[in-house]
Amino acid sequence: MTSRAIDRTGQRFGRLAVIEQASDRPGSKHAYWLCLCDCGRKCTVRSNGLTSGRTVSCGCQRADPAIRQAARMQLSPRRRKAISRKAAAVSVAARQAKSI
């Protein structure tokens, strides 16, 4: 381990548990860590990805339907309003079609 790297062994970041420092990559100034995900897969992650919160899983979190649903629900107010207007227009058009 390099002298400047903070030992992250045993720490958890999201679904990842740090196992050990991975071998240094040639030409890189960053520390890499071997991590074990809650799903059972191992992955190598750059240190600043862990500490910034950018990397929280091996990639399995993107495939989780509950996570995708929550991401869809985080729409801006402007986008929500546009979707509501479109739904209202479709509803009005459907009612007009029924009355004909």
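User: Which residues touch the most other members of the largest nonpolar core?

Analyst: Let's take the general idea, then the case here. In soluble globular proteins, nonpolar side chains tend to be buried together. A nonpolar core is a set of buried Ala, Val, Leu, Ile, Met, Phe, Trp, Tyr and Cys residues joined through side-chain atoms within 4.5 Å. Buried means under 20% relative accessible area, exposed over 50%, and partly exposed in between, with a 1.4 Å probe and protein chains only. Here the largest nonpolar core has 13 residues, and Leu 16, Val 18, Trp 33, Cys 35, Cys 43, Val 45 and Leu 50 touch the most other members. The elements β2, β3 and β4 each give two or more residues to this core, and β3 gives the most, with three residues.

A word on the model: this is a predicted one, where local features need pLDDT of at least 70, side-chain atom pairs count only at pLDDT 80 or more, and totals for chains, interfaces and linings use all residues. Residues are numbered from 1 along each chain as its sequence is written, and side-chain values use heavy atoms, leaving out hydrogens and water.

User: What is Val 45 in contact with?

Analyst: Contact means heavy atoms within 4.5 Å. Leaving aside neighbours within four places in sequence, Val 45 is in contact with Leu 16, Ala 31, Tyr 32, Trp 33, Cys 35, Leu 50 and Thr 55.

User: What is the order of the strands in the sheet?

Analyst: Strands (E, at least two residues) and helices (H or I, at least four) are DSSP runs numbered from the N terminus. Two strands pair if DSSP finds at least two bridges between them. This open sheet of four strands has the order β1-β2-β3-β4, with antiparallel pairing. The edge strands, β1 and β4 (42-46), each pair on one side only.

User: How many bridges join β2 to β3?

Analyst: Five bridges join β2 to β3 (residues 32-37), and Glu 20 has Leu 34 in β3 as its bridge partner. Arg 12 has Ala 17 as its bridge partner in β2, while Phe 13 stands opposite Leu 16. β1 and β2 form a hairpin with two residues between them, and Gly 14 in the turn has a positive phi of about 65°.

User: How many disulfides are there?

Analyst: A disulfide is a covalent bond between the sulfur atoms of two cysteines. The rule used here asks for a pair of cysteine sulfur atoms within 2.5 Å, and by this rule the count comes to zero. For Cys 35, the nearest cysteine sulfur is that of Cys 43, 5.3 Å away. For Cys 37, the nearest is that of Cys 60, 3.6 Å away.

User: Why does Cys 35 count as buried?

Analyst: Cys 35 counts as buried because its relative accessibility is 0%. Cys 37 also counts as buried, at 3% relative accessibility.
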